[in-house]
Amino acid sequence: MIDFERVGLVYGRETVAARAALEDVSFSLPDGSFTFLTGHSGAGKSSVLRLVARLERPTRGTIRVGEDDYATLPPRREPALRRRMGIVFQDSPLLAERSVFDNVALPLVIGGYPFEAIRTRVGAALERVGLGARAAARPSALSGGERQRVGIARAVVARPRLLLADEPTGNLDPAISADILELFLQFNAAGVTVLFASHDTALLEGFDFPRLTLVAGRIADEPPAR
Amino acid sequence: MSPRRPRETPDDDGIGPRWSYGRGGYALAQSLRQLAARPVASTATLLSLGITLALPALLLFLSAPLEAITARALEGESLTAYLDPATADLDGAALAAELAARPDIRRTRYVSRDEALATFRAHRDIDDSLAVLGENPLPGAIVVHPDTTALGDRSVETIARLLKGLPAVERVQVDLDWVRRLQATLSLARRVALLLGGLLVATALLVIVNTVRLELVRRRRELELATLLGAGAAFAHRPVLCTGLLLGGLGGIVACALALCALLLLRGPVGELATLYGSSFRLPLPPPGEPALVVLVSTTLGTVAALATLYTTSVRRTAHHPGTS
């Protein structure tokens, strides 16, 4: 469960260039849900995801993810919190000098998994995103869609309970975008909670999932039912 | 210079060696990969470190042989305490034995009045003069050979003062001016060596700090990514510590190799010089413990430099982002 209650976020609070990214944002997403987070560029979608991933601190309001109340979460527990999430970005940052296998294996190495588990899980994740044959390739040898698939494989390899996607189809053509979205739907069908941010409303046509629409840092729609 | 792309072969499955997927192994593999990715820069750094640490290493390797030469040169030196003529031979011999028990005295020899007279009589001219005097005018004496350590520092003056303070001693002859000069020269040389060694070690420290700092900048993207994926500070810091440790250790090995080469080059000329002075002295190779000590110290230096870099970087980051931790 993800709970936002009257959350506000101001960037550069101590400077003259202070800018409110989010204001009075409240919503609640149940476990296993698939939610679209939409809005124009700069509406605050990334800020919501960064707050969920605890990469930012809210200026006001409270955030709860699962059992964790972020107001009382000590910094030393943040890495473990992030290990329970998968995060996919618009341009999935990959390690250029490492193979696809190594890129996908990174969360498992961080999590201290044994080698056999790493080999098995990375192989399975790459198969799942259709890159089983590209394990040895370097990121520079991949297309944009393949790079994004590597990012998704890396996000799901540790089998997180929550998957955050920040414009994962932003740089891809419509056909590949649909494939990528389909992958997220498959993970959701397996029980993973997905928060999928995209400004591309056309991509989301035909899906009957709850939507949170942000306009200038505020929720424009009614929040989904608790 | 752009990093070389790792080779891909048809049987390359993209999986590295098993050990490189453990947390410690990953850090080591990352550091080795960074060093290998820029071979020219890495070699230049290691050579800078090696050359910087080679002189302190050479000084260490030479210190024991130089101490041995000094000790050998000082071995025959002695102080002579002339006793009151009224002192009986038994008392004189007992005093000599008592003095020999001191830790700063290597040995003593009691020269009785009769022995002194016999020695003098060996010289024909003096023998004639003694015959005129009738009775033996020579006092008994104790020849004191200080320990070489005592000769090496200033405790020889302490021994002289001790002898002068003894009731049975009438006069003390100290002919050790050259020893004092040698002591002063050695003391100066030690201080210069320490100063030079300290400066060079500090230089090595700065070289490692600079290299580690550059690596932190190069790996910023990777560190940010690791943080996003749930890495804690230990995971992010381990490869940096590993790099410091590797640079220090490898720099120490290069330094030892260079110092040993220099030592081998010096051996011949030093041996020839010693032969000219009638000595059989040869410059020995250092015992294995000394190169090991150099590598240990330089590895520690590398680790300290990496820790200092991480500490200053994290302090600066905290200062820039007081709201985050």
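**Figure 1. Helices α1(B) and α10(B) are oblique to each other.** In this predicted model, helix α1 covers residues 23-37 of chain B and helix α10 covers residues 233-276 of chain B. The two pack with their axes 8 Å apart, at an angle of about 55 degrees. The crossing of α1(B) and α10(B) is right-handed.

**Figure 2. Residues at the contact of α1(B) with α10(B).** From α1(B) come Arg23(B), Ala27(B), Leu28(B), Gln30(B), Ser31(B), Gln34(B) and Leu35(B). They meet Phe235(B), Arg238(B), Pro239(B), Cys242(B), Thr243(B) and Leu246(B) of α10(B). By class, 7 residues of this contact are nonpolar, 4 are polar and 2 are charged.

**Figure 3. Ser143(A) in a loop of chain A.** The loop holding Ser143(A) lies between α4 (115-128) and α5 (144-156). Ser143(A) has 10 other C-beta atoms within 10 Å; a residue with 12 or fewer is exposed, and Ser143(A) is therefore exposed. Leu172(A) is 29 residues from Ser143(A) in sequence, and their C-alpha atoms are 9.9 Å apart in space.

**Figure 4. Chain B, with its 11 helices and 4 strands.** Chain B has 325 residues, and 26% of them are buried. Among the contacts in chain B with a separation of 6 or more, 81% are between residues 24 or more positions apart.

Definitions and conventions. Residues are numbered from 1 along each chain as its sequence is written. Chains are lettered from A and ligands numbered from 1 in the order in which they are written. This is a predicted model: local features need pLDDT of at least 70, side-chain atom pairs count only at pLDDT 80 or more; totals for chains, interfaces and linings use all residues. A residue is buried if 20 or more other C-beta atoms lie within 10 Å of its own, exposed if 12 or fewer, and partly exposed in between; C-beta atoms are placed from the backbone. Two residues are in contact if their C-beta atoms, placed from the backbone, lie within 7 Å. Axes are lines fitted to C-alpha atoms, for helices over the stretch in contact, and angles run from 0 to 180 degrees between N-to-C directions. Angles under 35 degrees count as roughly parallel, over 145 as roughly antiparallel, 65 to 115 as roughly perpendicular and the rest as oblique. A crossing is left-handed if the near helix is turned anticlockwise from the far one by less than a right angle, and right-handed if clockwise. Ala, Val, Leu, Ile, Met, Phe, Trp, Tyr, Cys and Pro count as nonpolar, Asp, Glu, Lys and Arg as charged, and the others, Gly among them, as polar.
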